[in-house]
Amino acid sequence: MYAVIATDFNTEPRLAELPVPEPGPGEVLVRLAAAGVNPFDSKVVEGILKGQVEHAFPMVLGADGAGIVELTGPGVTAFAPGDRVFGQFMDIERGRGSYAEYAVAPAEGKLALLPEELPYDLAAAIPTACAGAHDFVAGTGVGSGDTLLINGASGGVGQVAIQLADAKDVRVLATTPPDTADYLRELGAVETYDFTAGPVSRQVRAAHPDGIDAVLDLFSGGTGETGEIADVLRPGGTVVSSNTAVDPEAMAARGLRGLNLYGAATPETLDLLAEAVRREELKVHIDHRAGLAEAWDALERLRLGKARGKTVLTVQDRW
Ligand SMILES: NC(=O)c1ccc[n+]([C@@H]2O[C@H](COP(=O)([O-])OP(=O)(O)OC[C@H]3O[C@@H](n4cnc5c(N)ncnc54)[C@H](OP(=O)(O)O)[C@@H]3O)[C@@H](O)[C@H]2O)c1
């Protein structure tokens with residue numbers, strides 16, 4: 001089979017031929033139709049988890065994917081060959097991922113059945129970004145009438161977080177470059193702030209001098225970096241980071257709540273999100289499609305800030 005592999009940290013991934021993996025006990029082999037692309041996929045190659053997890057090379061890149069169950073390993077009862085499924089396939093310790101024609105995943109905990117009407121490309125765009133958005137918005141604790149600033153709202157996770165927060169009757173403030181402001185308002189943001197026009201914290205504080213309830217920071221990268229954006233919070237407000245950029249103790253010392261969260265694409269969350277997409281209550285915008293051979297270019301495009309939604313790799317377009 002063809003797969004996109006990295007042979008070591010900080011090497012340029014390339015298309016290679018590998019044997020089709022075999023599903024072990026409790027695992028399924030999925031013939032993939034589409035793979036979803038996330039910034040984390042290239043961060044793994046850059047070594048973001050080096051020293052924390054064993055890495056097996058050559059490593060197939062990618063977490064998210066959708067396709068048809070080809071084979072089930074011993075003991076699998078949740079799925080049968082022919083089932084349409086989607087979910088997460090990344091297993092760094094075994095060098096496994098979704099940028100491939102076939103991928104193996106545990107039958108329990110990582111995959112969900114795909115509703116009939118939902119196409120593979122949309123399904124592949126859901127797991128990491130949408131489940132992350134779901135868990136991060138929940139983690140902020142916001143509810144009806146609260147005000148939430150989403151920093152990094154213009155990206156794949158942010159666009160979904162806006163809609164999920166809006167559905168809870170939260171007033172959503174969104175940071176954006178000028179060209180996506182109108183679209184983010186369509187999705188449910190009530191105010192947008194142009195991050196290219198100066199520090200967002202100053203702009204939001206000027207509009208909300210008493211402070212707002214919560215911040216979801218999808219942009220800040222280094223530990224403690226959320227310190228400045230947290231200036232927009234009222235006393236007791238909450239800041240959640242998707243990139244471990246919160247220093248919880250520093251936040252507590254300022255009378256704020258700070259959390260670093262990871263999205264968990266559980267089957268239950270995947271079901272809920274797929275159903276919302278199927279009913280067109282949740283819009284997942286695919287703004288870039290590429291083939292497996294262009295996977296690295298697609299990741300570079302994300303790194304260069306050219307993404308305006310989700311990127312999906314078409315692995316197999318004959319079904
Ligand atoms: N912890 C988890 O479980 C988890 C799950 C999902 C995602 N994440 C992380 O969350 C982050 C967001 O993911 P994503 O998929 O949404 O990424 P993305 O699609 O690349 O979106 C990032 C967005 O941030 C915008 N941005 C750039 N500079 C900014 C600035 N100065 N202020 C505010 N926004 C700015 C970008 O705009 P331009 O394109 O114009 O640069 C882009 O629209 C990534 O770091 C990802 O790794 C973590």
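A: Begin with contact, which means heavy atoms within 4.5 Å. This is a predicted model: local features need pLDDT of at least 70, side-chain atom pairs count only at pLDDT 80 or more, and totals for chains, interfaces and linings use all residues. Residues are numbered from 1 along each chain as its sequence is written, and side-chain values use heavy atoms, with hydrogens and water left out.

Q: Which domains does the assignment give?
A: Domain bounds come from an automatic or database domain assignment. Here the assignment gives domain 1 (2-125 + 284-314) and domain 2 (129-260). Their C-alpha centres lie 29 Å apart.

Q: How many residues of domain 1 and domain 2 are in contact?
A: Domain 1 puts 9 residues in contact with 10 residues of domain 2.

Q: What is the area buried between domain 1 and domain 2?
A: The size of an interface is often given as the accessible area lost when the parts come together. Buried area is that loss (1.4 Å probe), summed over both parts. Between domain 1 and domain 2 it is about 650 Å². Carbon and sulfur atoms give 50% of that area. On the domain 1 side, Val-284, His-285 and Arg-308 lose the most area to domain 2. Together they make up 57% of what that side buries.

Q: How do helix H1 and helix H9 cross?
A: First, the names. Helices (H or I, at least four residues) and strands (E, at least two) are DSSP runs, numbered from the N terminus. Axes are lines fitted to C-alpha atoms, for helices over the stretch in contact, and angles run from 0 to 180 degrees between N-to-C directions. Angles under 35 degrees count as roughly parallel, over 145 as roughly antiparallel, 65 to 115 as roughly perpendicular and the rest as oblique. The axes of H1 (residues 39-46) and H9 (residues 295-303) come within 9 Å and cross at roughly 100°. H1 and H9 are therefore roughly perpendicular to each other.

Q: Which residues of H1 and H9 meet?
A: From H1 come Pro-39, Asp-41, Ser-42 and Glu-46. They meet Trp-296, Leu-299, Leu-302 and Arg-303 in H9. Now sort by class. Ala, Val, Leu, Ile, Met, Phe, Trp, Tyr, Cys and Pro count as nonpolar, Asp, Glu, Lys and Arg as charged, and the others, Gly among them, as polar. The contact of H1 with H9 has 4 nonpolar, 1 polar and 3 charged residues.

Q: What is the class make-up of the contact of H3 with H8?
A: Look at the packing before the classes. Helix H3 (residues 127-140) and H8 pack at an angle of about 95°, their axes 10 Å apart. So H3 and H8 are roughly perpendicular to each other. Pro-127, Cys-130, Ala-131 and His-134 in H3 meet Thr-269, Leu-270, Leu-272 and Leu-273 in H8. By class, that gives 6 nonpolar, 2 polar and no charged residues.

Q: Which residues of H9 are buried?
A: Buried means under 20% relative accessible area, exposed over 50%, partly exposed in between (1.4 Å probe, protein chains only). In H9, Ala-295, Trp-296, Ala-298, Leu-299, Arg-301 and Leu-302 are buried. Their cover includes strand E1 (2-6), strand E3 (27-37), H1, strand E15 (286-291) and strand E16 (310-314).

Q: How many residues of helix H4 are buried?
A: In H4 (residues 156-166), 9 of the 11 residues are buried, so H4 is largely enclosed by the rest of the structure. Val-160 and Ile-162 are among them.

Q: Is Ala-35 buried or exposed?
A: Ala-35 is buried, at a relative accessible area of 0%. Its place is in strand E3. Ala-35 and Ala-66 are 31 residues apart in sequence and 6.5 Å apart in space, C-alpha to C-alpha. Leaving aside neighbours within four places in sequence, the contacts of Ala-35 include Asp-64, Tyr-99 and Val-312.

Q: Where does Asn-10 lie?
A: Asn-10 lies in the loop between E1 and strand E2 (14-17). Its phi is positive, about 55°, although Asn-10 is not a glycine. Asn-10 is exposed, with a relative accessible area of 59%.

Q: Which peptide bond is cis?
A: The bond from Phe-57 to Pro-58 is cis, with omega near 0°. Pro-58 sits in the loop between H1 and strand E4 (59-60).

Note on methods. Buried area is the accessible area (1.4 Å probe) that two parts lose on being put together, summed over both.
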